[in-house]
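I opened this notebook to keep track of what I look up in one structure, entry by entry.

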Amino acid sequence: MVEYTVAPANLQRDRQVIIDLWRRNLADTDHLEEKYDWHFLNNPFGPGQIWILEADGQPIGTTSLGMRPLKIGETVTTAGVACDLAVNKDHRFLQPALMLQRAMISSANAGIRIIYGVPNSGGASVMKYLGYREFCCVHRYAKVLRISHYLQRSGKFGAMVPSIGRIADQGIAALQSIGHRRTNGRIRQVLPYFDERFDELWNRLSSEFPALTVRDRRFLNWRYQECPLRQYKTLGLLTEDESKLLGYLIYYVEDRSALCADFIAPGGVEDLDSLLSSWAALAFGEGLASLSVSCSDAALAASLGRQGFSRRSIAPASNPVRTRRHEQCKTLFTHERHAGTESAIAHGWYYTEGDSPY
């Protein structure tokens, strides 16, 4: 019988052991060293925690927590985002994964109030088994900007593709220009860095969000400007004199699609719609083919619908055949430590892709 043991890692001493495990077992193996230093060693909100699983004394798996500041009501606390569950192929069954997750729950830093994650289907099964709460669905919404791109990929219509695609794209461009002209006394521009206006916006955010990760300038600089894994752009919504930030949308580009990482516009429907229409016009001008947003917030989902986005994911179904035929939504799981009789987060976590580990 194999003897499994789990122990907390020393972030400096065990760095190479952990990176080697990642390289063997994670799907994305780009920039692993940079990712390790950025997310676990240089996080301004505290160093991460990592656990190593051994089989007969040999390292065969790991899991991790990254630190995030979380605002619940009027209180800011520390949350740990679960990530990087990586186990060698010969040991990928329930017991090793459970041992890693139990070690995380039992020996995470005392200051961590909530552990959360948005796992894949295998990780979700482990979280359910350990009593994590299935907090809410995280759905993906998308909007096509260039029909020609998808016609070319489909291989249909043959020689007619260029003509059909050009006419369709011109129609979409006309709609984008109409929406972009509706300024309503606001300026939309790409912002090169996060300045004091982002702090002022964060301080204005009301209690309409029962729970959300802190989005001040310090966090945004670390999460997006200093991230070694992607290049992000920030679209800001400003007053006419540019002195006040009314909202922002942060996105990155992947395979001719613009993917939203974060989106805040606390002023209401008009500001939400203004940012979304400006983002669509900007992305179209950059030659991109589609937009994609993953989020949990119902109000944001309503604005996405008004701006021509459609929901591409479905909630888990009782019929597994139906689920396999469609894109399944992700689920936000939470585990509250030192919880009393009442949950610290009753409902309404404002979750966007930027709340993921990477």
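**Entry 1, aromatic rings.** I counted 19 aromatic pairs, taking rings of Phe, Tyr and Trp (for Trp the six-membered ring) as a pair if their centres lie within 6.5 Å, and calling planes under 30 degrees apart stacked, over 60 edge-to-face and the rest tilted. This is a predicted model, in which local features need pLDDT of at least 70 and side-chain atom pairs count only at pLDDT 80 or more, while totals for chains, interfaces and linings use all residues. Residues are numbered from 1 along each chain as its sequence is written, and side-chain values use heavy atoms, with hydrogens and water left out.

I looked up F45 and W222, whose rings form an edge-to-face pair with 6.5 Å from centre to centre and 80° between the planes. The two residues are 177 residues apart and link distant parts of the chain, since F45 sits in the loop between α2 (32-41) and β2 (49-55) and W222 in helix α8 (residues 217-225). I noted that helices (H or I, at least four residues) and strands (E, at least two) are DSSP runs, numbered from the N terminus.

What kind of pair do the rings of F219 and W222 form? Their centres are 6.1 Å apart and their planes at 55°, so the pair is tilted. F219 and W222 both lie in α8, three residues apart, which is about one turn of the helix. I also checked burial, where buried means under 20% relative accessible area, exposed over 50% and partly exposed in between, with a 1.4 Å probe and protein chains only. W222 has 1% relative accessibility and therefore counts as buried, and F219 is buried as well. I found W38, F45, F219, W222 and Y358 together in one aromatic cluster.

In α4 (residues 121-129) I found G123, A124, V126 and M127 buried. They are on the same side of α4 because they cover an arc of only 160° around the axis, the arc being that of the directions from the helix axis to the C-beta atoms. The face turned away from this buried side carries S121 and Y129, which are exposed. The buried residues of α4 pack against β4 (75-87), α3 (94-107), β5 (112-117) and β16 (330-336). Just after α4, I noted that G131 takes a positive phi of about 90°.

Which residues of α7 (residues 196-204) are buried? I listed R197, F198, L201 and W202. Their arc around the axis is only 140°, which puts them on the same side of α7, and on the other side E196 and N203 are exposed.

A nonpolar core is a set of buried Ala, Val, Leu, Ile, Met, Phe, Trp, Tyr and Cys residues joined through side-chain atoms within 4.5 Å. The largest one has 66 residues, and W22, F263 and W279 have the most contacts inside it. A second, separate core of 24 residues includes I60, I105, I112 and M127. Of the contacts (heavy atoms within 4.5 Å) between residues at least 6 apart in sequence, 72% join residues at least 24 apart.
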